[in-house]
Amino acid sequence: MAFAPMGPEASFFEVLDRHRESLLAALRRGGQEPPSGGSRVASSSEVLVSIENIIQDIITSLARNEAPAFTIDNRSSWENIKFEDSVGLQMVSHCTTRKIKSDSPKSVKKFALILKILSMIYKLVQSNTYATKRDIYYTDSQLFGNQTVVDNIINDISCMLKVSRRSLHILSTSKGLIAGNLRYIEEDGTKVNCTCGATAIAVPSNIQGIRNLVTDAKFVLIVEKDATFQRLLDDNFCNKLSPCIMITGKGVPDLNTRLLVKKLWDTFHVPVFTLVDADPHGIEIMCIYKYGSMSMSFEAHHLTVPAIRWLGLLPSDLKRLNVPKDSLIPLTNRDQMKLDSILRRPYVTRQPFWRKEMEIMADSKMKAEIQALTFLSSDYLSRVYLPNKLKFGGWI
Amino acid sequence: MEGTAVAVFEILRFLIIHWKCDIDVSKGALLEGQLEISIEGLHSKHQANALHCVTTIASAGSLFGGMVLKKFLKEIQSILPGISAKLTWTSEEGSYPQDMTGVTPFQMTFERCGLAMSHRLECSGYSQVDEKPRTLMTNCLVIKHFLRKIIMVHPKVRFNFSIKVNGILSTEIFGPNFGTIESHCSRIHPVLGHPVMLFIPEDVAGMDLLGELILTPAAALCPSPKVSSNQLNRIYSVSIFLYGPLGLPLILSTWEQPMTTFFKDTSSLIDWKKYHLCMVPNLDLNLDRDLVLPDVSYRAESSEGDQSHNMDPQGQTLLLFLFVDFHSAFPVQQMEIWGVYTLLTAHLNAILVESHSVVQGCIQFTVDQVLEQHHQAAKAQQKLQASLSVAMNSIMSILTGSTRSSFRKMCLQTLQAADTQEFGTKLHKVFREITQHQFLHHCSCEVKQQLTLEKKDSAQGTEDVPDNSSRELLADTNGQAENKRLKRGSLRMEEMRALHSARAPSPSEAAPRRPEATAAPLTPSGRAAFKAHGRALAPGRVSPGSRLKVTERALRREGCGRRCGPQAAAEGSSLRAPLFPQDVLWLQEVSNLSEWLSPSPGP
């Protein structure tokens, strides 16, 4: 079914179409190998058996008069992470581990909490119900202490069992929004149409369950901030540059937003671009979408889109557009540290243009938000900046 | 306590002082050696129902090889006037009692007379004085207690104490249990308090000391909270041990009535109300028990209105060690130390009364530290129990919720349980045993072994970096920092000595009667811990170092001549098993204590 032809003429998308062709060619050359290692979608019975095997191992240890312990991969250690062009950051196959012992004062509580959450997961899977990480925390907030504890343990369990979090029947709360030329059917049969209007659609919590995705989009634009996303909605950007899809994770993206971006790429191979602030935080968010995060590297294959390109706001744009200095913000010490950290990451060496942009930022010691472009006009972003960038291939 | 015991005390004390001062024992090194004490009683020919007793004190090895005989005799005679000593010295060529073969030539003979129960101690076995059996037994018990107290502070000194009555030999060895392997640390873990200077009342007659008396308290709970599984035990009793210079037990002139003015008031040392305790003097001190007898004992009584107060007799005992040392800017002479003992023996009560505020302050602080440790240990134990409870409930939840019979069957079979209820009971039991066992190992006595084990896990690290949820469990209850505190504590003692050296009076001056207020206790930040063999100190526990008590019949039956009698002296070195890591660590730690207790060599 065709969408209402409200966008620019076909020639506008020539560069985009060529870019898409090059991406598809690269995919064909890469062989589209299926993801190896990492987590997978497991059936309920597989999850139950995995948990029972863990319990069995514990009881066997006890019967031998040995204190049981969990062996957990060191997910957040650079020594256990490698970079691959086709995937981004992912865990190495033989990574270092640590033991969570039941007989150590330091770790006995964590040992107990892992078992606690395993038992909760067991019940969720058995009853085919779902809960969010927040729900789990609130079952006994005093016991868990804080949400971060629960989040880390759930990730550890997902990594330990090598199954996706969804397979554990634990949902992450979606905070992302999506708008544009997209429709799909959710697992429960709900039909969703993201056609751009005054409001956007919330990213669904069950990405694995959505089906029948349909789109004519020429590109997907990932917007860092909700403020910018809303601005573009108000400016009717989706219709002006139709057909396209716009999505935001409202800052650091949640798992579902990342899963949806990945699903859109895997399904349609539509060029994906990011629109982030010209600051280290924005660059880092962009890297999460493109290459993944350290903490979730064990699920990289399901989350990363290495084909993402940086559309804006580039540090070089600030000079090119003569953005006035009073619209710029000095880098803080924290910004400097983050920038240095990003520059040291393995994937930056593969992106000379990105590196150059970051070096421009480091040299100028200044950063800018996308809203800095309003000095030219209030709708400069949607009316001039983005259309020009998309038409003339202004991405890196 | 009759003259025999007193004489043995004085001689042993004299020997150890001589040993420490005159023999070249490097500062900080532990006294090491063996002394034989034997009492032989035979039916008296002169008196009915009496025993003719001969006591021998001898040394093994060359402990006193440098001793000058004449000087020694002169000095010992001056110390034992009440015994009207007639000292003789048997040479190497002299005859010895048969049981003493293999012992070096040092043996002592002296005779006391002029008292109703006069007693002659000699090595030759000939006595002219008789003694009632009951008196002999009492004296032996008192001597044993004295020996136990010595080895608590001098762990490398070994005493072979044998009693032979009408041919039946009984021997006990007092000394460290080398070679025994403990499954977990059962020692007490004392906390050393900071030293304070004692004030000597002006009306106390005696020698003019060219130095200061320093009181250093040490406190511990027994059984150690690290061992005790009942974390909520209240303190049931208090045992106080008094030591003088060089870590030798003090035998007060009023020892049979220990509740002198100072100790009679239980609040003189510690404000018990702070801990919601009411202490009363415990006068029921039975000599005839195989435990170390405290010099002063209190027991807790329930305070009025405190219904929750648990007077569980299985509760913990607070052990309090009071070390009174002598520090001087000048080299301390042997007789000077002896004089300090004389002063303390006769006037400790008056000195403590005079120094009441500083004494109470430093002891209170030390006890606070111990109880705080106890509290932390109890908290850690509670957290452990809570965590284990969560873990076990989670396992049970999965087991009982599983629809896979093979899984349930496998679990039950593994723990040999007939049903889930029995499985739960066994799960609880085995979990508790395993984790308790490991927790008990988290003790500074085991720290070297533990570090060795953890190094082997280098490829697979243990959870060293806790997340937020386990930070609370990081309370240092395993005492791993105790070694560092020990070293800081010894430094603190050096500072103290330096302080006193700087303020030491000139030789013409007497010891200060009332030092300035700067003699207030030092800051506690450098407090140290020391460890003592404490297995004998709790009610119902085995006496420290006491190895074997056999009769001659048993000797013949077992063919065991190794551990008993004087032959043990000759074979002692070959019997000693190699030192285990925990013993090496213990000895290293106690060597610091010995350093603190030794007299200051002066600037």
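What share of the contacts in chain B with a separation of 6 or more comes from residues 24 or more positions apart? In this predicted model, such residues account for 79% of those contacts.

Chain A has 396 residues, and 57% of them are buried. Its secondary structure comprises 15 helices and 17 strands. Chain B has 603 residues, with 56% buried. Chain B contains 13 helices and 16 strands.

The interface between the chains was examined next. The size of an interface is often given as the accessible area lost when the parts come together. For chain A and chain B, the buried area is about 3700 Å². Carbon and sulfur atoms give 66% of that area. On the chain A side, 43 residues take part in contacts, and they meet 39 residues of chain B. The interface has 1 salt bridge. The side chains of A:E52 and B:R404 meet in a salt bridge, with an N to O distance of 2.5 Å.

Disulfides were also searched for. The count over all chains is 0. B:C278 stands at 31%, between the limits of 20% and 50%, so B:C278 counts as partly exposed.

Aromatic contacts came next. A pair of aromatic rings is described by the distance of the centres and the angle of the planes. The whole structure holds 16 aromatic pairs over all chains. One of them joins A:Y137 and A:Y138. Their ring centres lie 5.0 Å apart, and their planes meet at 65°. That angle is over 60°, so the pair is edge-to-face. The two tyrosines have separate accessibility classes. A:Y137 is buried, with a relative accessible area of 12%. A:Y138 is exposed, at 54% relative accessibility.

A second pair is formed by A:F273 and A:W395. Here the centres are 4.7 Å apart and the planes lie at 40°, so the pair is tilted. A:F273 belongs to strand β14, residues 272-275 of chain A. A:W395 falls in the segment after α15, residues 380-392 of chain A. The pair therefore ties together parts that are 122 residues apart in sequence. Both A:F273 and A:W395 are buried. Chain A also carries an aromatic cluster, made up of A:Y291, A:W310, A:Y347 and A:W354.

In chain B, an arginine was found against an aromatic ring. The charged end of B:R13 sits over the ring of B:Y341, 4.8 Å from its centre. B:R13 is part of helix α1, residues 3-22 of chain B. At 3% relative accessibility, B:R13 is buried. Beyond its neighbours within four places in sequence, B:R13 is in contact with B:F146, B:L248, B:P249, B:L250, B:I251, B:W338 and B:Y341.

Backbone geometry was inspected last. Most residues other than glycine have a negative phi, and most peptide bonds are trans. Several sites in the model depart from this pattern. A cis peptide bond joins A:S242 and A:P243, with omega about 0°. A:P243 sits in the loop between α8 (237-240) and β13 (245-248) of chain A. The peptide bond from A:G312 to A:L313 is also cis, and its omega is near -5°. A:L313 lies in the loop between β15 (309-312) and α12 (315-320) of chain A.

Positive phi values occur in residues other than glycine. A:N128 has a phi near 55°. This asparagine is found in the loop between α3 (108-127) and β5 (131-132) of chain A. A:N128 is exposed, at 53% relative accessibility. B:L246 has a positive phi of about 65°. B:L246 occupies the loop between β12 (235-243) and α4 (261-264) of chain B.

Definitions and conventions
Residues are numbered from 1 along each chain as its sequence is written. Chains are lettered from A and ligands numbered from 1 in the order in which they are written. This is a predicted model: local features need pLDDT of at least 70, side-chain atom pairs count only at pLDDT 80 or more; totals for chains, interfaces and linings use all residues. Side-chain values use heavy atoms; hydrogens and water are left out. A disulfide is a pair of cysteine sulfur atoms within 2.5 Å. Buried means under 20% relative accessible area, exposed over 50%, partly exposed in between (1.4 Å probe, protein chains only). Rings of Phe, Tyr and Trp (its six-membered ring) pair if their centres lie within 6.5 Å; planes under 30 degrees apart count as stacked, over 60 as edge-to-face and the rest as tilted. Helices (H or I, at least four residues) and strands (E, at least two) are DSSP runs, numbered from the N terminus. A charge sits over a ring if NZ of Lys or CZ of Arg is within 6 Å of the ring centre and within 35 degrees of the ring normal. Contact means heavy atoms within 4.5 Å. Buried area is the accessible area (1.4 Å probe) that two parts lose on being put together, summed over both. A salt bridge is a side-chain nitrogen of Lys or Arg within 4 Å of a carboxyl oxygen of Asp or Glu.
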